[in-house]
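Let's learn to read how two chains meet. Have the viewer open and follow along.

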Number of protein chains: 2
Amino acid sequence: MVSKCPKKEGESFSEWFECILREAEIYDYGRYPVKGVGVWLPYGFQIRKHVIETIRKLLDETGHEEILLPLLIPETIFRKESEHVRGFEGEVYWVTKAGFNELDVRLVLRPTSETVLSYMESLWIKSYRQLPKKYYQIVNIFRYETKMTKPMIRLREVSTFKEAHTLHESFEDAERLVMEAVNIYREFFDLLGIPYLISKRPQWDKFAGALYTIAFDTLLPDGKALQIGTVHNLGQTFTSVYDVKIQKRDETIDYGWQTSYGISERVIASVIAFHSDERGLILPPLIAPIQVVVVPIPVVDNAEKRKEVMEYAQDVYSELKSAGYRVKLDDREELRPVDKYFEWELKGVPLRVEIGKRETEQRKVTLFRRDTLQRYVIERPRLIEAVSTILKEIGEYLRQRAWKWFSERIKTFDSLDEAIDYVRQGGIAQIPWCGDEREAYEAIEKLEAVSVLGAPIPAIERVDVTDKKCALCGGKAYTYLRLAKRY
Amino acid sequence: MVSKCPKKEGESFSEWFECILREAEIYDYGRYPVKGVGVWLPYGFQIRKHVIETIRKLLDETGHEEILLPLLIPETIFRKESEHVRGFEGEVYWVTKAGFNELDVRLVLRPTSETVLSYMESLWIKSYRQLPKKYYQIVNIFRYETKMTKPMIRLREVSTFKEAHTLHESFEDAERLVMEAVNIYREFFDLLGIPYLISKRPQWDKFAGALYTIAFDTLLPDGKALQIGTVHNLGQTFTSVYDVKIQKRDETIDYGWQTSYGISERVIASVIAFHSDERGLILPPLIAPIQVVVVPIPVVDNAEKRKEVMEYAQDVYSELKSAGYRVKLDDREELRPVDKYFEWELKGVPLRVEIGKRETEQRKVTLFRRDTLQRYVIERPRLIEAVSTILKEIGEYLRQRAWKWFSERIKTFDSLDEAIDYVRQGGIAQIPWCGDEREAYEAIEKLEAVSVLGAPIPAIERVDVTDKKCALCGGKAYTYLRLAKRY
C-alpha cells in the first residue's frame, strides 16, 4: 500500500519530505510559532538517538573526549576574532535582557563553539605533553537563517549539532587530524548508507576563520546538493586571538594548531531522503528504533488456534529480544494485520515477521523485507540466523542502491555550458580546471541555480585530467571543479 | 593520601565542593566569563552520562517517551498563563535581536517547557484513546538567578534538566501519576545512594501554575537542605489556557489534566557531596566512568619478571573487560603506583586491582575498596565473582552510610524555638503542626536562615502526632511541619 505523500523525486521533494516526517511521526515542523525550529517526536527521537550513538562510538574509539560547553557567549568573547565575527554576526541571536534588567554585556546564542572552547583551552592546555586534544560535544546551535527554512535541512535551531574540536602542537599534526576526521565521517556515512563527494571548498566558501574547509556533499532527490559534513583546518586563527600558548617539545612557546569538524541532523534528513520509497521510510537496521516487528495473524473462527498463534508469536518475539534485537510484538487487537503492515512499512521497520495459522502449525516463520519487499519462509530453528543475515543484507542493499543512484548523477563535461545545463537538470557536474579560484568565482557564482562545490582532494581521490584543458580558461587542467545546485 | 581540598563538612563545604570539582576534573566553574554557567569536563561528562542513562532507563521502562522541544519560546506563548508568567518573568532571558534586526516577537530561553509542550499537545491530542501520554526531555534551561550562584547547585544555565510532562483524562489519573513519579524518583535516588525527605510544599512555594508541588530534599554537608526533585500536579492550568481539549470516554469534551516533574544536575552535586571523603570522590559503581582500575606494580630490577607482571595485569584487565565492567589498565610508565593510587582515589574509582610480583607468582590479585579502604587478596579464578560482589557492596554501603548521616540530622521538637535553634546548627527539624499554612508563613518565613520544607505526605509516610499540640498555635496537631536552612 502506498503512503499519502507525493513523489519524492523532482519538484515535489520538499512536500514529500514534510509529509513523510509528519506521517511517520518523526519531526513536527511548521506548526510551532517560531520559524525554523521543530519538535522531535518519540519515534524520530529514537532514530536520532541511534544516529548519535553511531557517531559517538566512532569518536570515542578514536580518542575523542565528550564535553559540554555553555550556550551563551558574551559579546566580548564573540567579537575577538574578526574574520569569524564577520562570518557569523549577520546570523546570531542576541540575548540583551534578563528578568527586568538590560544586560551590561550582551550574549550570543552559540552558532558554533570555536570561540568558547579556545577561551577555555587557554586555561587548560599549557604543554605539548597534553596534546593532541580531541574534544566534541553534541548540542543545539542557533543561526538566524535568512534563506527559506526547511525541516532538518535549514533550521534556526539546529538541535543535533555534533561539533569536534582538536588542538595540536604543529601544523602537520593538525593536517593529519583533518584526514582522520575525513575518515571518521566516511565510515559514519557508509554505516548509514549515505553517498557523498568529498571536496575542498573554494576560499570564498570556507568556514569563517579556517585555513581551508573540506566538505561532504550528497544529492537529494530534487537534484540539489546538500552539505552534510565539514572538516576545517583552523590553523592558529583562534589560538592566537584567545592566547592558547603551548610549550613545545623544543621548549619554545607557540600558539597551538586547531581543527574542527561538524555534522548535524542533515544526516538524518539524508537517510530519510535516500532510503524511502512510495510506501514510506526504510531505515537501515543500525538506526531503526524497531529492527523487527512481529505481527500475529489472528485466527478468526477458532479460539484455541488463535491462542496457539499468539503464543507462537510471543515465543518468536522473546527469542529475538533475547538475541539482542530491537523488536516489537504488535498484538493490538483493534487493528487488522494489513493496517499494521501499512503502519510499520510507513515507519520503515526493516524486517517484519508474519505469524499465522500455517506458520504456527508448520513451525515456520514468514519474513518480509522492507527494502526489496521479498518474502521468505524459514524453518523456526533458523530464525536468528536468517534475521541476522537479512538485516545485514538490508543495510548493504540500501547503501549500494543509494551509491548507484548518486554515482549515476555525477558526470564529467569538457564544456562549462554543458556542465551548467546538467546541473540545472539536477546533477553534479565536473569540469577540468586549472585551479584558479578567482576565475571560478567570476564564471560561476553569479549564475542562477549553479554553485561551486570545490575540487577533489588528491590524498583521497585520484583524478586523471591528462591532456585536458581547463573548461574556464582553456589552460592546462590540473584537477576537476565540481558544480551543483545547492541547498 | 589526602586531597588538597579543605574539609567538606561545615562552613568550608562550598570551597571543598569547588575544589573537588576542579581536582577530580568534573566541571570547570567560575572561569568562563558568564556568571552561573560551567563546562562539563570529559571525566565529569561521563559521570553525567551514566546518571542520565539511569533515569532514562527508569522512565523508558514506565512508558515515558523521550522528545525534544524548541529552546525558544515566543513572548506571545510565554505570556498566556498569568500565574506561570508571574512566577518566571523575573528570571527569564530575552532574545530581542537576531543578526542586525530587532525581533518583532521577542523570544524567551525556556526556563521550563510546560508552555511549549501544552501548545503542541493542543495539536497532537484529541481523544482519551491517546491517553495517558508521558513525555520527557533532557535539555538545558535558563534562569537568571539573582541569588549567589554555585556550580551544579544554583546555575543560570542548568545544563542537565530532565523534565517529564504527562497528560490525562481525569484529575484522578493525574493524581495516580504523581505517585508513580514519586516512586520513580525514589528508585532513582536510591540507586545513587542519595537520602531524601519527601514533603508537600506550602502553597506559597509551589511551582508557578501547579495545584500543588511535592519535593524531594536532601541535606548537604554544610547543613543546608537542597531540593533535588519536584513533582507537580498541574491540574488544568495549562490545558485550559493552551486549549488542550480532549474528547472523554463519555463523549463530552473537557480540558486535559497534567503533571510535570523534574530533576537536574543537583543530583550529581548530591552524589559528590555525600559519597566523598578526605581522599576525594567515591562514586557509586552504577555511575562510575571507571568501575575498576588495574594498576601493575613494576618490578624494578628484573626485566623478565617485569614483563610477567605486565602480562598478568593485561590478562586481568581483559577478563574484567569481557565480563562487561568499565575497566582501565593504568600502564603509564612515567608515574609511580602511589601517584596512580592518589589520582584514582581522588577521582572516586570504586575498586582498584593491584598487581605486583607476588600476585603474579601466586596467581592472586589484591583488591582495594575505595569506600572502606579495605584490601582483599583473592585467588585469580575468583576475580569476577569477587569484583561483582564488592561492587554491589560498595553501592549498598554508600547508600546506608549516607542515609545514616542524613537520618541522624532529622529531629523532632515540640517547641518552635528549639526547632529553629537546631535548624541554625545545620539540621532538619520537624514540629507538630495543625496544618495552617498562613500561620506557618507568618511564624517562619520571615526568620533569617530558616525555611519551610513542608509536610509529609500521608500516602508515603505514616506520621504519629497523637496527643501532640501544634508548635505554632497550640491547637491540635495533625501532621509535622519540616524546617531547614535551604539553598
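**Reading a two-chain contact**

Q: Which residue of chain A comes closest to the rotation axis?

A: Val95(A) does, with its C-alpha at 2.1 Å from the axis. This is a predicted model, in which local features need pLDDT of at least 70 and side-chain atom pairs count only at pLDDT 80 or more, while totals for chains, interfaces and linings use all residues. Residues are numbered from 1 along each chain as its sequence is written, and chains are lettered from A and ligands numbered from 1 in the order in which they are written.

Q: What rotation superposes chain A on chain B?

A: Copies are superposed by least squares on the C-alpha atoms of residues with pLDDT of at least 70 in both. Here a rotation of 180° with 0.0 Å of shift along its axis does it, with an RMSD of 0.0 Å. The copies are therefore related as by a two-fold rotation axis. Both use the same surface: 100% of the contact residues of chain A recur in chain B.

Q: How many residues does each chain bring to the contact?

A: Two residues are in contact if their C-beta atoms, placed from the backbone, lie within 7 Å. Chain A and chain B bring 40 residues each. On the side of chain A, β5(A) gives the most, with six residues; strands are DSSP runs (E, at least two residues), numbered from the N terminus.

Q: How does β5(A) pair with β5 of chain B?

A: Strands pair if DSSP finds at least two bridges between them. β5(A) and β5(B), residues 93-98, run antiparallel over five bridges, and Trp94(A) stands opposite Lys97(B).

Conventions. Helices (H or I, at least four residues) and strands (E, at least two) are DSSP runs, numbered from the N terminus.
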